[in-house]
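Please read the report below with the sequence and the structure open side by side. The headings follow the order in which the parts are taken up.

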Number of protein chains: 2
Amino acid sequence: MRKDIESDMKRKDVEALIVLGDTTLANPDLAYVVGTNLARGGIYFKRANSQPLLLTSVLDLQNAKKGKVKTVSTFTDFGFEKLMVKHGQADAYPRLILKILKQYRVSGKVVIAGRNDLASGTKLVDRLRSLGVRITGDSSPTILEVARATKSTEELEEIREVGKRTTKVVEKVLDKLRSAKRRRGHLVLDGELATVGTVKRYISTQLAIQELTAPEGTIFAIGRSTADPHNGGVPSAKITERKLIVFDIFPQSESGYWFDLTRTFVIGRADRRAHRLFEAVQQAQDASLGVLKEGLPAQTAMSEACDVIERHGFKTVRDIFRGKIRKINSGFVHSLGHGVGLTIGERPYLSLQNKDPLTTGNVVTVEPGVYLPRYGGVRIEDTVLINSNGCECLSNTRKEFELS
Amino acid sequence: MRKDIESDMKRKDVEALIVLGDTTLANPDLAYVVGTNLARGGIYFKRANSQPLLLTSVLDLQNAKKGKVKTVSTFTDFGFEKLMVKHGQADAYPRLILKILKQYRVSGKVVIAGRNDLASGTKLVDRLRSLGVRITGDSSPTILEVARATKSTEELEEIREVGKRTTKVVEKVLDKLRSAKRRRGHLVLDGELATVGTVKRYISTQLAIQELTAPEGTIFAIGRSTADPHNGGVPSAKITERKLIVFDIFPQSESGYWFDLTRTFVIGRADRRAHRLFEAVQQAQDASLGVLKEGLPAQTAMSEACDVIERHGFKTVRDIFRGKIRKINSGFVHSLGHGVGLTIGERPYLSLQNKDPLTTGNVVTVEPGVYLPRYGGVRIEDTVLINSNGCECLSNTRKEFELS
């Protein structure tokens, strides 16, 4: 939570935290600390034990004032144009930061964060260091990674809302598929043989109705292509009975918050192998959901899923760490889950390497999957909130395997 | 263009360029060099005078092979997991980069680019420097800014396509507004009084039909709120005759490329002041479009627009640079335009400070605007391609001021 920033700065002996960028859109750290949209970005500045300051373009001033930072000023008010005239365009930006630091009498360690081009970022850091500023890098988990991993009540409200709307989209799509006519094993939608492309357009329309966007796209894959977890689906592929369909949707709302939900199903009847995959994955998810709670080392949730999947006779990534295999392209080939918030992949990660205990307010996906090359794959995913007793599922959609 | 990377590396005496990140989505530099989607990102490595190498997660390998880099390998193939065991999780990533650099016998300057958190980026750079790597920052225009500013034929095709679809959305929306019934000066859509919210939902649906997304939203503002160029529109505001409406749409297609288009209009008749604003802005845009061509200093295009707008009796940002005023909140308060490509704001910028000559293959917005606080604003924007004879408008939509 935002309030963790102060204590983490103290713990890391950081006197000033600067978060900057040229837009809040692709810069979740900046979006997080300012709590509003800034089309042209800005500079967030926080000295330890002081209230933060935000500098923005005059164009973003109105939006800036709607955010979390009480003291808002413009680049112009801080004399940015004058610095351009005096020091030249290239040096004006480091000079502006230097001016802020001097005004707040910062002499200790300074961390500069925010998603930015590393090549020009390195230039900026080197320049500020040459001007005497004690810039230091921040080890992972960074101050902002720690803060962002624990969601506030306000953030949870946003995520719940995205979850509700995402669930509506998924149900609409499943209803559409259920009610579609079938012609010799193929689905017919609006009088034509349905393809992945047809369904994806329907998904986009439903997302629009729910005022959601899917900046990273949506996975709707059928048949063999479900064996590749990142295959988005081949637009021309026909929607056919008895084939595995992986529908993985990860939309974002205007608030900036994301959600992540996956259902795997077949239309009509599934064959025995598909049932075996589904059962393994569903049991793995149940096992993980059963142990998730505050204090649990993240890796334990993943181990639970691996236990179940291995018991069903499939490989898992754990075999690599055990040195049993060198690569994996069959079985449970990825991690169990990841945090969700202002990005669709953040801390905490439910991976075998992550020993950190989970905390109340973490929002994570729980998405085991089993994939068999040249056959297909099954993945089931929900987004859940960790609390002191266990976890709460934020996506209330049934896991129906055979749509009839 | 991508081929400029080699010459720019040579000019800057850079022996190796590394572009990295954890996803291609919010990382246009990485997306650009790899030319494909990598959900988990990767490391692009290019030694001067050599073909590039791309390292990705095994999950992204199939997508990676569809991209521009011929030599693709996985983190696992480069022994990432082993490095984790040997050096610990925190040090494995710099060790992996070091391993690549050693394998390619790089001893000269190395630039690390790509949109990443600066705090952990600084940590990475410092660590690599401590391991003997000669990392250097890159001054703006960076190697990738230069390459990306000139679009290839393939990129232009993508942008033209987004432009075509964006134009379709705009025309659908204008048709809908034109054909809507009116009740005592208010627009009625689907039996109800239309609001900005109603229209925005219609816009979203049309975007979905055109397979476009609008990750930064859409501006549809009416009345006084048009005086603030970044006001997206108040959802509850009714759509009323005779009021200025600014409709600024900036969608992205699945290709990653964006487009930017603004129309300002009133439904029914506009008052005299609105006409004055519209004429000033339209003439300013015409003047800029008339001079834009290869070789023109970018600032000249902006000066042309300022000339026209000042002649119409409005202030411009030029007055700040001339020291006539300290701030500006009335008149032409922003720059003339910006590049469009894998982002919605990139080089070249058509600003008063930018003396660089334009080149064939630049794609820029031309968007003069005049804003009067407490009254409203007018902005007209097209996205154009610079060529040796002039410029080509990529958005073929009329500029109808009074919809009837």
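## Helix 5 of chain B

In this predicted model, helix 5 of chain B, residues 89-103, has 15 residues and reaches 22 Å from its first C-alpha to its last, which is close to the 21 Å expected at 1.5 Å a residue. Just after helix 5 of chain B, B:Arg105 takes a positive phi of about 50°.

Within helix 5 of chain B, the residues B:Tyr93, B:Pro94, B:Ile97 and B:Leu101 are buried. An α-helix has 3.6 residues a turn, so residues three or four places apart point the same way. The cover over the buried residues of helix 5 of chain B includes strand 1 (14-21), strand 2 (42-47), strand 5 (109-113) and helix 6 (118-130) of chain B.

## The nonpolar core

The largest nonpolar core has 239 residues, and the members that touch the most others are A:Ile18, A:Tyr44, B:Ile18 and B:Tyr44. If neighbours within four places in sequence are left aside, B:Ile18 is in contact with B:Ile43, B:Tyr44, B:Phe45, B:Ile97, B:Val110 and B:Ile112. One of these contacts of B:Ile18, B:Ile97, is also listed among the buried residues of helix 5 of chain B.

## Strand pairing in chain B

Strand 2 of chain B pairs with strand 3 of chain B, residues 53-56, in the antiparallel sense over four bridges, and B:Phe45 has B:Leu53 in strand 3 as its bridge partner. These two strands of chain B form a hairpin with five residues between them, and in the turn B:Asn49 has a positive phi of about 60°. Strand 3 of chain B is also joined by four bridges to strand 4 of chain B, residues 71-74, and this pair runs parallel; here the bridge partner of B:Leu53 is B:Thr71 in strand 4 of chain B.

Elsewhere in chain B, four strands form an open sheet of mixed pairing in the order 12-13-15-23. Its edge strands are strand 12 (218-222) and strand 23 (402-403) of chain B, each of which pairs on one side only. Strand 13 (residues 245-249) and strand 15 (residues 261-267) of chain B run antiparallel and are joined by five bridges, with B:Val246 standing opposite B:Thr264 in strand 15 of chain B.

## Where the two chains meet

Between the chains, 53 residues of chain A are in contact with 56 residues of chain B. On the side of chain A that touches chain B, at least two residues each are supplied by helix 3 (61-65), helix 5 (89-103), strand 5 (109-113), strand 6 (115-117), helix 6 (118-130) and helix 9 (196-209) of chain A. Helix 6 of chain A gives the most to this side, with eight residues, and by class the side has 20 nonpolar, 20 polar and 13 charged residues.

Strand pairing also crosses between the chains, in that strand 6 of chain A and strand 6 of chain B, residues 115-117, pair in the antiparallel sense over three bridges. In this pairing A:Asn116 stands opposite B:Asn116 in strand 6 of chain B.

## The two domains of chain A

The domain assignment of chain A gives domain 1 (4-148) and domain 2 (151-403), and the C-alpha centres of these domains lie 37 Å apart. Six residues of domain 1 of chain A are in contact with six residues of domain 2 of chain A.

On the side of domain 1 of chain A that touches domain 2 of chain A, helix 2 (28-34) and helix 7 (143-149) of chain A are the elements that give two or more residues. Helix 2 of chain A provides the largest share, three residues, and the residues of this side divide into four nonpolar, no polar and two charged.

Key. Residues are numbered from 1 along each chain as its sequence is written. Chains are lettered from A and ligands numbered from 1 in the order in which they are written. This is a predicted model: local features need pLDDT of at least 70, side-chain atom pairs count only at pLDDT 80 or more; totals for chains, interfaces and linings use all residues. A nonpolar core is a set of buried Ala, Val, Leu, Ile, Met, Phe, Trp, Tyr and Cys residues joined through C-beta atoms within 7 Å. A residue is buried if 20 or more other C-beta atoms lie within 10 Å of its own, exposed if 12 or fewer, and partly exposed in between; C-beta atoms are placed from the backbone. Two residues are in contact if their C-beta atoms, placed from the backbone, lie within 7 Å. Domain bounds come from an automatic or database domain assignment. Ala, Val, Leu, Ile, Met, Phe, Trp, Tyr, Cys and Pro count as nonpolar, Asp, Glu, Lys and Arg as charged, and the others, Gly among them, as polar. Two strands pair if DSSP finds at least two bridges between them. The expected span of a helix is 1.5 Å times one less than its number of residues.
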